[in-house]
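Q: Can we go through the side-chain contacts in this one? Start with the term we need for charged pairs.

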Amino acid sequence: MSSFIDFQNEIYLRGLGGELPELPMTADGLEQRAREVLGPAEYAYVAGSASSGRTAAANRAAFDKHRILPRMLRGTTGPGARDLSVEVLGTRLAAPVLTAPIGVLELVHERGEVVVAEVTKELGIGSVLSTAASSTIEDVGAAAGEWWYQLYWPADDDLARSFVERAERAGAKAVVVTVDTPSLGWRPQDLELAHLPFLAGKGIANYLSDPVFRAKLPMPPEESEDAMRIAILTWVGLFGNHTLRPADITRLREWTDLPIAVKGILHPEDARAVVDAGADGVIVSNHGGRQLDGSVAALDALPAIVSTIGDRADVLFDSGVRTGSDVLIALALGAKAVLYGRPYAYGLALAGRDGARHALRLLLADFDSALGLSGRSSAAALDRSVLTTPY
């Protein structure tokens with residue numbers, strides 16, 4: 001029986017023939033290498049954080065507050081027999097990992113979202129497609145395995161509903177509503193380069209291909225440069241929505257039978273409100289530190305949200321995951337699965353499909369190893385007893 005930790009054996013066996021890995025073996029190493037190959041604007045868009053970067057730093061520091069307390073001599077299963085699988089929002093995954101929705105992946109690879117869909121299907125994990133993708137819902141759906149659609153709710157309900165209905169027809173298994181981005185955060189790295197890719201027509205493929213959006217345009221966007229400029233300006237007027245309330249989750253529930261998760265929740269009462277409104281899950285996230293500077297670290301917010309709604313809805317975690325032990329800690333604190341973001345984008349930038357696959361295999365193998373070394377045989381066995389931090 002193969003396992004994710006087999007990646008380790010592959011590397012050592014190739015080393016016997018003098019072959020060294022072509023790509024770095026850590027998330028930080030992938031970022032450093034990607035910075036060398038990407039243009040300044042492309043790197044800044046992927047890596048950048050809000051304002052001073054305190055939130056992104058807090059996300060990583062929050063993991064350092066916890067220590068894993070391994071158990072020994074427990075007769076746990078070895079490599080190949082550990083069970084990393086989970087079921088979350090009705091989706092069965094080979095490991096508790098989904099790729100986070102990252103927009104405008106064409107900045108790092110021309111077929112970015114489709115490639116990620118293909119790789120996650122191969123590995124048996126999940127993927128979450130951004131509304132701000134460079135590939136259409138339909139193209140990604142045709143390539144994907146277990147995938148969810150992430151909705152940036154636009155300032156037009158008919159357009160929002162069209163996006164959701166397209167995703168359902170294309171095979172999405174859940175809808176993820178991101179609520180922490182009613183407008184873009186203050187991002188100095190992008191501002192210094194005056195770079196917002198959407199204004200160049202990038203990352204708006206799902207708008208340009210949508211019948212509701214196209215009906216708002218005086219002419220097809222592909223007809224001329226002027227027509228595309230009009231389409232982009234129309235997008236500007238529709239992106240973001242400051243008016244959303246929990247009642248909108250109830251309306252979304254009327255549009256689709258798919259499970260609904262709300263992403264960007266950090267306060268327990270917000271979690272309670274969206275579950276009361278009909279959400280099936282909550283993704284505890286501060287957008288990887290990209291939105292509000294000085295925000296609470298997502299991991300610090302996780303336990304209270306699990307305590308508040310964990311018996312009623314699935315709780316997932318996003319923001320700051322970089323290692324297998326990070327995955328273990330998040331699950332021990334009550335998350336059912338984690339979303340993993342920037343490192344797979346760096347892998348894409350470095351080596352396309354092989355790079356994305358490499359980045360994801362790093363995390364999965366590391367988690368497989370950490371699970372066994374902690375004295376547990378399955379992801380389902382993780383709870384707070386794995387950690388030394390008292391609550």
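A: A salt bridge here is a side-chain nitrogen of Lys or Arg within 4 Å of a carboxyl oxygen of Asp or Glu. This is a predicted model, where local features need pLDDT of at least 70 and side-chain atom pairs count only at pLDDT 80 or more, while totals for chains, interfaces and linings use all residues. Residues are numbered from 1 along each chain as its sequence is written, and side-chain values use heavy atoms, with hydrogens and water left out.

Q: How many salt bridges are found in the whole structure?

A: The search gives 24 salt bridges.

Q: What is the N to O distance for Asp276 and Arg312?

A: Their side chains meet in a salt bridge at 2.7 Å, N to O. The two residues are 36 apart, with Asp276 in helix α13 and Arg312 in the loop between α14 and β9 (314–318). Helices (H or I, at least four residues) and strands (E, at least two) are DSSP runs, numbered from the N terminus.

Q: What does Arg54 pair with?

A: Arg54 forms a salt bridge with Asp293, at 3.3 Å from N to O. Arg54 lies in helix α4 (residues 54–64) and Asp293 in the loop between β8 (281–284) and α14 (298–309), so this pair ties together parts that are 239 residues apart in sequence. Arg54 is exposed at 53%, whereas Asp293 is buried at 19%.

Q: And which residue does Arg253 bridge to?

A: To Asp280, with the closest N and O atoms 2.9 Å apart. Arg253 belongs to helix α12 (residues 246–255) and Asp280 to the loop between α13 (268–276) and β8, so parts 27 residues apart in sequence are tied together. Arg253 is partly exposed at 25%, and Asp280 is partly exposed at 30%.

Q: Which residues are linked in a network of salt bridges?

A: Arg111, Glu118, Glu122, Arg353 and Arg357 are linked that way.

Q: Switching to rings. What is the rule for a pair, and how many aromatic pairs does it give?

A: Rings of Phe, Tyr and Trp (its six-membered ring) pair if their centres lie within 6.5 Å; planes under 30 degrees apart count as stacked, over 60 as edge-to-face and the rest as tilted. By that rule there are eleven aromatic pairs. One of them is Phe198 with Trp235, stacked at 4.9 Å centre to centre and 20° between the planes.

Q: Where do Phe198 and Trp235 sit in the chain?

A: Phe198 is in the loop between α8 (188–192) and α9 (205–208), and Trp235 is in helix α11 (residues 225–238), 37 residues apart. Phe198 is buried at 4%, and Trp235 is buried at 5%.

Q: What is the geometry of Tyr207 and Trp235?

A: Edge-to-face, at 6.4 Å centre to centre with 85° between the planes. Tyr207 lies in helix α9 and Trp235 in helix α11, so the pair ties together parts 28 residues apart in sequence. Tyr207 is buried, at 1%.

Q: Which residues do ring pairs link into a cluster?

A: The cluster holds Tyr45, Tyr152, Phe163, Phe198, Tyr207, Phe213, Trp235 and Phe239.

Q: What sits over the ring of Tyr45?

A: The charged end of Arg290, 5.1 Å from the ring centre. The criterion is NZ of Lys or CZ of Arg within 6 Å of the ring centre and within 35 degrees of the ring normal.

Notes
Buried < 20%, exposed > 50% of the residue type's maximum accessible area, 1.4 Å probe, protein only.
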